[in-house]
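Hi,

Here is the model I promised to pass on.

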Amino acid sequence: MMNSLQFIKPELVLTAAGLMLLVCGVFGLRRKPLGLIALMAIVIGFFSLPMTLDSSSMVFSGMLTNDVFSFVMRALVLVATGLAVLMSIGYSWSDHDDAGEYYFFLLVAAISMMLTVSATNLLMIYLAIETLSIVSYVLACSFKKDLYSTEAGLKYFLFGALSTGIMLYGISLVYGLLGTLSLPAIGLKLAAGGIHEPTLVLAGLLVFAGFAFKASLVPFHMWVADVYEGAPWPVAAFFSIGPKAIGFALLARVFFGFPAFLTSGWEGIAVFLAIATMTIGNFSAFHQESVKRLLAFSSVAQAGYILAGLAAGVLGLKAAFFYIVIYTFMNMGAFACASFLSSERAPLESFKGMGRRAPGWALVFSIFLLSLAGLPPLAGFLAKFFVLVAVIDVKQYFLATAVVVNSVVAFFYYLKVIKVMYFEDSPDSQPIRIPVSGMIVLAICLSAVLLFGFWPQLIMNILALIFA
Amino acid sequence: MPYLLTTIIFLPLLGALVVALIPGNCDKIIRMTAIAFNAAVLMVVGVLCLLFDRTSGSMQFTETHPWIPQAGIHYTVGVDGISLALVFLTALLGFLACLASNTIKSRIKEYFIVYQILMTGMLGTFLALDLVVFYIFWETVLIPMFFLIGIWGGPRREYAAWKFFFYTLAGSVVMLLAIIGIYFLSTPHTFNMLELAYSSPLLSRTLQAILFLMFFFAFAIKVPVFPFHTWLPDAHVEAPTPVSVILAGVLLKMGTYGLFRVCVPFFPEAVAMFAWSLGVLGAVNLIYGACAAFAQTDFKKLIAYSSVSHMGFVLLGLAAMNSTGFNGSILEMFNHGIITGAMFLLVGVVYERSHTREFSAFGGLASTMPRYAFFLTFMALASLGLPGLSGFVGEFLSLAGIFITFPKLAIISAIGLIAVVVLFLVMVKKVLWGKPKEGVVWSDMSMGEVAVIMPLLILVLIVGFYPDAILDFQKHTVDVLVKTL
C-alpha cells in the first residue's frame, strides 16, 4: 500500500493543492495568487515524478502500472496543464469570478489524465476518463453568462455523455466475453483463443469510439470547433493538447501494439480514420473567418497526422508520440499567441497589420503556425517527416500521399493568417502588450519548437526507451 | 580549412540575427550591415574558389556531423565543380542585389532579415550532401520568397506570391516522398547523396523511373520546364528588382542543379531512358519561351519568358548525356544567372524612372541615356548568344552536345535560336531606338547603378573570351559524372 501511495505522490500533491484552492477561492483570495498556487502545485508534482519511478511495476492491485510510457505521459500532462495555468494567469478574464473553482477543475483534470495514462484496467480507464470529461464540461462553460460558453458546455456534455456511454457499453461487452477488465489478463485470454470474434470486434469498435472522441478524430470531431470557440482561450488551448494526448495514449495502450491488448488489426481502421480526419479537418479550416475556429479545425487535422503514425508499426508509434510532444508545444504556442493578440472570438480581421503593431509577437505566432504546417527546419517538420518515414516503411503509400497532399492544403490556411498579419494594414496602430506569464508560456513553447527542431534526439532517446 | 562551407551557409543567417537586433528606424545602419555581411560571404566564397583543387573531380571541403543519427540523418556538406560555380553565382548576385536594394523604401529591417534567410537557404541547397538537409534548405527558400514578393512586390503581388509558393510546395512534397522512398530502397538505408550516387544501379529500371519522375517533377517546377512555367512570369513581374535578380539568377538554378546533383547520378538508367523526352522538353522550352516572350508588351515579362527559353539550353545540354553537353549545360546555368541578373537590374533602372514597364512608354532612350543604351545592348547581345560573349559558349556547347546524341533536336533548336535573336533585337529596338517620347526626361544611369552591373559585364567578357575560367573548375567533376552513366 505504501508503495502504491508512493506512486501517486504527484497526484496527491495536486489533490491537496486543488482542495486548498477551492477553500481559498471561497474566502476571496484574488485570481493571481490562486493561479500561482496551482502553478506551484504542478511544478512540485512535476519534480516529484522521478520519485515514483522506483515503486513496483503494478500498483493499486494492478489498477495502475508504473512503466516508462506512463511516466513520460504523466510528465507531458503536467507540462500541458502547467502551460494552461500560466496562460490563464495572464489572460484577461472579462466576466468570470470563480477563479478558485476554475483552477481546482484544471488540477482535477490533470489528476484524472495522469491516472488515465497509467491505468491498465478498463474500469480504471473509464473512471478516469469520466472524471476528466465532467471537469471538462464545467471548464468549457466557464463564462456562465455568455451564450457561446454555455452552448459549448452543453454541446461538449451531450457528445461526451454519448461517447462515454458507448465506450462503457463496449467495456461491458469485453467483460462479458472475457470475464476480466485488466489489460494484461485480457491479453492472456485473447492469446489463449476461443473467443467469439464478431462480438469482440464490436466491443473493440465501441471502446475505440470512446477514445476517438477524446482524440477528436473524424467522425467524433463535430464538437471541437463549437466547444473551442465558446470556451475561454486557455481552456480551449488546454483541450487541444491535454485530453487529445490522452486519447492517443489510450489508443496506443489498448489498441496499437504496445502490446495490443485487444485483437490486432486496427491499423486498417486507423488508416481510414487518419485520412478522413486530416482531410476533413483541413478542408473545414479553409474557410473559417475566426482564427479560433481555424485553430480548432487545425487541431483536428493534426490529430489525423498523429493517428497516421499509430497505424504504422513500432516506428510509427515512436513518430506519433514524437509528434504529440512537439504538437503540445506548437499548438499551445499558437493558441496562446492568438489569444493574447486578439479577442475572445478572434476574427481574422483583428490580426491585420499585426506585423507592425507587434512585430515580435507576430513573428512568434508565424513560427508556431509554420511549425504546425510542417515547414523545415522547425520541429513540426521533423514530426511530420518521421510519421511519413514510418508510413512509407510499412508500405502505406496511399496514406503517405494523403499526408503529403494534406500538408500542402494546410499551408494555405496557416499562411492566410500570416498573410493577414504582414500583407495587410490596419487602421488601429495601438501597440499590443502581452502579460509576463503569457511571455513565459510563449518563451517555453518557442524554445521547445526551435530546440526540438535542431536536437530531436532529446525526445527520441526517451521514446526509444518506451517502444524498444 | 575546416568549417569553411558551414561558415558560408550560416554567415547570412548570422547577418539576419544582427539586423534583427538593430533598431528599426536606423535604415542606413541596417543597409550597411546587410551589405557588409553579403560582402563577407562573397569574400569567403572567393577564398573557397582559390583553395578549390581544380584537378579533382570529387567532393571537396566535406564536413559531416551527426544530426539525427537514429534516423540516419547527418549534416553533410561539400562542394564540387558543379556546385562551386553556383555558390559563386549566389554569393555574387546576392551581394549585387543587396546593393541594388536601395530601391526598397518600406519595412527595410524586415526586408533584409528575410533576404538574409533566403541567402542561407540558397547556399545551403547548393552545398548540402544529405537529402534531408538538402530538402530543409530547399524549403527554407520558400517562405522568404513568399514574403519578398508578397510584401515588396507590384500590384498583383499577393496572387504572384501564392502562386509561386504553391507551385513550388507541390513539387517539393513529391520530392519529400521520393527522398523517403529512396532511403528505404537503398541498402544500407542512407540519405547520403554521395553513397546514393554509387548505389543507384541496384534499383530496378521501373523503380528508377518512378523515383526519377518524382524528383523531376519537383525540379521541373523550379526550373521551370514547360508546362510548369506559369508561376514564373507572375512572380518575376511582381517581384521588386533585386528579388527578380535573385529569382532568375539563383532560384531557377536550384531546379537544374537538382537535376545534375540528384537525377543524373542517382538514376542514370532512367535519365538515359527519358533523355529524348528531356531533349524535347528543352527544345519546347527554348522555342515556346522565345515565342511567348515575343508577344509581351511588358519589359519584365519579356525577360521572364526569355529565362524560360534559356533554361531550354540547360535541359538540352543535360539530355545530351555527354561531357560536352553537361559542360555546356552547367556553364549556361552560370551565364544565365549573370546575364539575366543584369537584365533585370536594367529593367529596374528604367522602372525606377518611369514607374511603368510597358514598351509603349519607352523608345529613343539611346539618345537620352547613352550609358543605359550601352549596357542594355551589350547584355541583349550576350543573351542572344553573340560569339565572344559568355552566352555563346554555353549555348554552343549545349547544342554541340545534343547534336552528338539527337541531331534532329539540335537542328530544330538551332532554328529556334533565331527566334531568340529576333526577340532581343526587337526588344532593343523598342526601348532604345526610334524617336524619344515627348516630355520624357530621364537621367542616365548613376555611378551606383553602373557599379552594380559592371562586375557582371566583366564576367560576361571573361567567360566569353576565356571560357576555361569557369570550365576549368567543373570539367573534372563532369568527367566523373559522365563515367557513372
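B:Pro224 sits in the loop between α9 and α10 of chain B, where helices (H or I, at least four residues) and strands (E, at least two) are DSSP runs, numbered from the N terminus. The peptide bond that joins B:Val223 to B:Pro224 is cis, with omega about -10 degrees. Chain A has a cis bond too, between A:Val218 and A:Pro219, with omega about 5 degrees. A:Pro219 is in the loop between α9 (197-214) and α10 (223-230) of chain A. As background, most residues other than glycine have a negative phi, and most peptide bonds are trans.

A word on conventions before you load it. This is a predicted model, in which local features need pLDDT of at least 70, side-chain atom pairs count only at pLDDT 80 or more, and totals for chains, interfaces and linings use all residues. Residues are numbered from 1 along each chain as its sequence is written, chains are lettered from A and ligands numbered from 1 in the order in which they are written, and side-chain values use heavy atoms, with hydrogens and water left out.

On confidence, chain B averages a pLDDT (the predictor's confidence in each residue, from 0 to 100) of 88, and 98% of its residues score at least 70. Within chain B, helix α8 (residues 193-199) has the lowest confidence, with a mean of 79, while helix α5 (residues 131-140) has the highest, at 93.

Staying with chain B, all eight of the eight residues in helix α10 (residues 231-238) are buried, so the helix is largely enclosed by the rest of the structure. Buried here means under 20% relative accessible area, exposed over 50%, and partly exposed in between (1.4 Å probe, protein chains only). Among the buried residues of α10(B) are B:Trp231, B:Asp234, B:His236 and B:Glu238. Their cover includes α7 (157-185), α11 (241-266) and α14 (323-354) of chain B.

Now to chain A, which has 20 helices and two strands. Its radius of gyration is 21 Å, close to the 23 Å that the globule rule gives for 468 residues, so chain A is as compact as a globular protein of that length. That radius is taken over C-alpha atoms, and the rule is 2.2 Å times the number of residues to the power 0.38. The C-alpha trace spans about 70 × 55 × 40 Å along its principal axes, and buried residues make up 65% of the 468.

Two serines of chain A are tucked away. A:Ser55, in the loop between α3 (31-48) and β1 (58-59), is buried at a relative accessible area of 7%. Not counting residues up to four places away in sequence, A:Ser55 touches A:Asn3, A:Gln6, A:Phe7 and A:Asn66, a contact being heavy atoms within 4.5 Å. A:Ser112, in helix α5 (residues 99-118), is buried at 3%. With neighbours within four places in sequence left aside, A:Ser112 is in contact with A:Ala128, A:Thr131 and A:Leu132.

A:Ser61 has a positive phi of about 45 degrees although it is not a glycine; A:Ser61 lies in the loop between β1 and β2 (64-65) of chain A and counts as exposed at 81% relative accessibility. For A:Lys395, phi is near 65 degrees, again positive in a residue other than glycine. A:Lys395 is in the loop between α17 (379-393) and α18 (397-423) and is exposed, at 59% relative accessible area.

Best wishes
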